[in-house]
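Q: Could we go through this chain together? I would like to begin with the strand pairing and then turn to other features.

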Amino acid sequence: MTGSSPRKPAAGGGPGRTDESMSLLVDIARQALDPGYADAAARRGPDPERRPLLAVAGVLAATLVIVVAGVQAHRHAPQLVRSRQALVDQVGERTDGVASLQRRLDALRSRTAALRDRALASSRAGSTLAARLATEELLAGTVAAVGPGLRVVLDDAPSAGPGNRVLDRDLQAVVNALWSAGAEAVAVGDQRLTTETAIRQAGSAVLVNFQAVSPPYVVRAIGDPVPMETSFAASRAAGRMRTLAQLYGLRFRYTREASLAVPPAPGLTLRYAAVAPAAEKGSGP
């Protein structure tokens, strides 16, 4: 019986492949990743299994920064509170000082006016001059006034929201309408209005004569109440306030009053006028 021929050794010294067609599968098994993909994976960075560790480290670092910032803020908080309180106290002291000086000025002004009127009353010409000065002071707002007129009240809406607050322009329009209706003296709260008065908005506060006033805003206008009410009711400002009351809930009302009192205005500041040298020496034309 003829025996089979022995297998020829492989080129590498190992056993030969039983089927040369299997060479491709063997290569794929030995090198599953293409060299190009391997290079890309190497450039991509560390092993994906290490990424959670890096994420945890990043979170810990961010937490540490936040904690340090919180500790620093807490450490400096008392100093900031003390500084703010010191400023508030200083503003309060200055405000009280200004109010005290204003009361003193009003008292001296009243005393001066009384002495002046007493001196002028000794002659007919003096009495005429005293009456003229009284009228000018009333128009300038430097003396208190009393008389019949209109009392107008403006107030914020009960619910907070945009458009639900009385603004400076609302007060400005109402005041201008009252002047046009024939008012002779007007005050908003305890602030008398003059030709130098400014009504402005400062954040959520309304300033009159640079003094904050709070709602409800009470406007007192002295004048003939009947024609003044008729003119004011038909004014554009009153119509606008009625519309705002319907749309946003602002409160707006006005009534005739038999007697209203308005305080004097702060002292007028003369910017250009000065005593003439001839008047200082007692000589005149």
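**Strand pairing and aromatic rings**

Q: How do E1 and strand E7 pair?
A: In this predicted model, E1 pairs with strand E7 (residues 217-222) in the antiparallel sense, over six bridges.

Q: Which residue stands opposite Gly149 there?
A: Opposite Gly149 is Ile222 in E7.

Q: And how many bridges join E1 to strand E8?
A: There are ten bridges between E1 and strand E8 (residues 251-262), and the two run antiparallel. Within E8, Thr255 stands opposite Arg151.

Q: Is E1 largely enclosed or open, and why?
A: Strand E1 spans residues 145-155, and eight of its eleven residues are buried, so the rest of the structure largely encloses it.

Q: Stepping back, how many helices and strands are in the chain?
A: The chain has eight helices and eight strands.

Q: What share of the residues counts as buried?
A: Of the 285 residues in the chain, 22% count as buried.

Q: What about the contacts with a separation of 6 or more: what share comes from residues 24 or more positions apart?
A: Such residues account for 73% of those contacts in the chain.

Q: Changing topic, how many aromatic pairs does the structure hold?
A: It holds three aromatic pairs. One of them is formed by Phe232 and Tyr254, and this pair is edge-to-face, with 5.3 Å centre to centre and 90 degrees between the planes.

Q: Where in the chain do those two residues lie?
A: Phe232 lies in helix H6 (residues 225-233) and Tyr254 in strand E8; they are 22 residues apart, and the pair links distant parts of the chain.

Q: Is Phe232 buried or exposed?
A: Phe232 is buried, its relative accessible area being 0%.

Q: What is the relative accessible area of Tyr254?
A: For Tyr254 the value is 22%, so this residue counts as partly exposed, given that buried means under 20%.

Q: What kind of pair do Phe252 and Tyr254 form?
A: Phe252 and Tyr254 form a tilted pair, with 5.7 Å centre to centre and 55 degrees between the planes. Phe252 itself is buried, at a relative accessible area of 15%.

Q: Which residues form one aromatic cluster, then?
A: The cluster consists of Phe232, Phe252 and Tyr254.

Conventions
Residues numbered from 1 in each chain as written. Predicted model: local features only at pLDDT ≥ 70, side-chain atom pairs only at ≥ 80, totals over all residues. Heavy atoms only, no water. Helix = DSSP H or I, 4+ residues; strand = E, 2+ residues; numbered from the N terminus. Buried < 20%, exposed > 50% of the residue type's maximum accessible area, 1.4 Å probe, protein only. Contact = heavy atoms within 4.5 Å. Pairing = 2+ DSSP bridges. Phe/Tyr/Trp six-rings, centres within 6.5 Å; stacked < 30°, edge-to-face > 60°.
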